[in-house]
Amino acid sequence: MQNLLIFILAAGKGSRMKRAMPKVLHPIGNLPMLGHVLKLADGLVTQPTYAQNNHIGLVVSPDNCDAIQARFPDIPIHIQHQQSGTGDAVKAALADYATNHNTQNNADNGIVLVLYGDTPFISQKTAQSLITAAQQSASQESGALAVLGFNTANPANYGRIVADGDIISKIIEAKELTPAQRKITLCNAGVMAINLAHIHQWLDGISNQNASGEYYLTDLVAAATETGAQIPLIIADEAQVMGVNSLAELAIAEQYWQQQKRENLMAQGVMMQAPETVFFSHDTDIATDVRLDPHLYFGEKVSIASGAHIKSFCHIEGAAIGENASIGPFARLRPKTQLDDNVKIGNFVEVKNSHLKNGVKAGHLSYLGDAEIGADSNIGAGTITCNYDGFAKHKTILGENVFVGSNSALIAPVTIGDNALIGAGSVIAKNVENDALALTRAPQKNIGKQGMNSKSNKQTKD
Ligand code: UD1
Ligand code: MG
């Protein structure tokens, strides 16, 4: 059994993004692209074929280190002090790893898998076949390095692979291409599996004498070939290996990811009338037999149980929606919302940090925040939980089968008992006991025509 050391390169300046946020923290499906790469790495190291001292490390720069660590505090980092190329990044990572680990035992027994933090969609199957190719070539004495490539009609700024069949002789970076080489359509995906036994020797063989003045990891291929290595090429499909270097490419990556998610959900029985108008997050969890109408946005931490129907123009995040619930159109569900089975939320209703139990209905124009609402209660149009007194948030608790008349203000903290009835237009600041009717409405005064003309009722003009 071999050890698997995975280094994810994320130290680059990301200058083509033209943004202050580190490139690899930019989200796809609301998960930083680095998070997508980490999911792949986690899946690989938990394979039973590898030994226990596997390692996943993030290669970061002194500039983006804090931001990346704040987002992924549990992943070991290796600092690349100067961003002098992907080859230098791997060298820095290996040196740092060696300082922090006892590499005396099993020093050469392992595969280094280099992943790029800006290449988020590589599948576990593809990465696994690359590792296997490197392991097989290691056992043949001919070397131990495998490269992931892809064919594309639009090679743009990808490094080009020069190969004879499935054996590679070199990779040429976009900046170094001659006009004839520009026409090569076989490109480098930015993933390599390299045997530990050879990596130091090959890394020492690359120089920075090129158009960027950088140590290209891709020159490892030529350095390995010179030592007699035969380098196998694994081909992936283009979409899986797209690299993100600019905001335009980020938008393309997002579009690709959303399309995959929609197709997966539809295959599982989630019905969508216009899937291209529905946007999901990496963790959106939707059961079979849910119906999604056009134009919906799902932020992180949303789950929807079977039979629910989400109508158009809803913005939903941090919400657990129960079976056969009906939401929207035009509803906003904010974090920590729990809607039990058969709940109905209608248009222009906002719910936050609230638990609405089985069968609750809030059909129109309401704000329900920090509330607990018992089963079968009915929340009239325009009901507002006044949860904030300017200093702190307070809870509104309703029992079962409460009827809240339209345009009521419930001033928290307040508790309303089972079967209570709140008269429309009330301002409820005191608790209401079970079965009671609560009203705070001012008595209505009807003034007839005669009364309106009387002196006392005439308005004075200034
Ligand atoms: C790289 C490859 C290219 C390949 C493409 C695939 C090299 C030299 N080129 O080009 O052949 O077709 O990816 O997407 O490898 N990084 C560091 N330290 C550095 C420089 C970069 O950690 O000093 C990191 C970046 O943060 C990024 C990754 O390495 O995550 C790739 O760097 P990037 O500048 O995006 O390389 P590309 O031009 O895309
Ligand atoms: Mg890149």
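Author: Helices (H or I, at least four residues) and strands (E, at least two) are DSSP runs, numbered from the N terminus. A pocket is found on a 1 Å grid over the protein atoms alone: it is an open set of points where a 1.4 Å probe fits, with protein on both sides within 12 Å along at least five of seven lines, and its lining residues have an atom within 4 Å of a point. This is a predicted model, in which local features need pLDDT of at least 70 and side-chain atom pairs count only at pLDDT 80 or more, while totals for chains, interfaces and linings use all residues. Residues are numbered from 1 along each chain as its sequence is written, ligands are numbered from 1 in the order in which they are written, and side-chain values use heavy atoms, with hydrogens and water left out.

The largest pocket has a volume of about 1,500 Å³, a volume being the space filled by probe spheres set on the grid points, which are joined across faces, edges and corners. Its lining has 49 residues, and Arg16, Lys23, Asp118, Asn157 and Asn245 lie nearest the centre. Helix 3, strand 10 and helix 8 (247-267) each give two or more residues to this lining, and strand 10 gives the most, with three.

Ligand 1 sits in the largest pocket, that is, more than half of its atoms lie within 2 Å of the grid points. There are 23 residues around ligand 1, and Gly12, Gln80, Tyr116, Glu173 and Asn188 come nearest; a residue counts if one of its heavy atoms lies within 4 Å. Helix 3 (86-100) and strand 10 (186-195) each supply at least two residues of this shell.

A polar backbone atom of Gly85 is 2.9 Å from an oxygen atom of the ligand, and a side-chain N or O atom of Lys23 is 3.2 Å from one. Taken alone, ligand 1 exposes 760 Å², and the protein buries 90% of that, by the Shrake-Rupley method with a 1.4 Å probe.

The second largest pocket holds about 410 Å³ of space. Among its 15 lining residues, His36, Pro120, Phe121, Trp257 and Gln260 lie nearest the centre. Helix 1 (33-45) and helix 8 each supply at least two residues of this lining, and helix 8 gives the most, with five.

Notes: A polar contact is a pair of N or O atoms within 3.5 Å; within protein, one must be able to donate a hydrogen and the other to accept it, and residues adjacent in sequence count only if both atoms are side-chain atoms.
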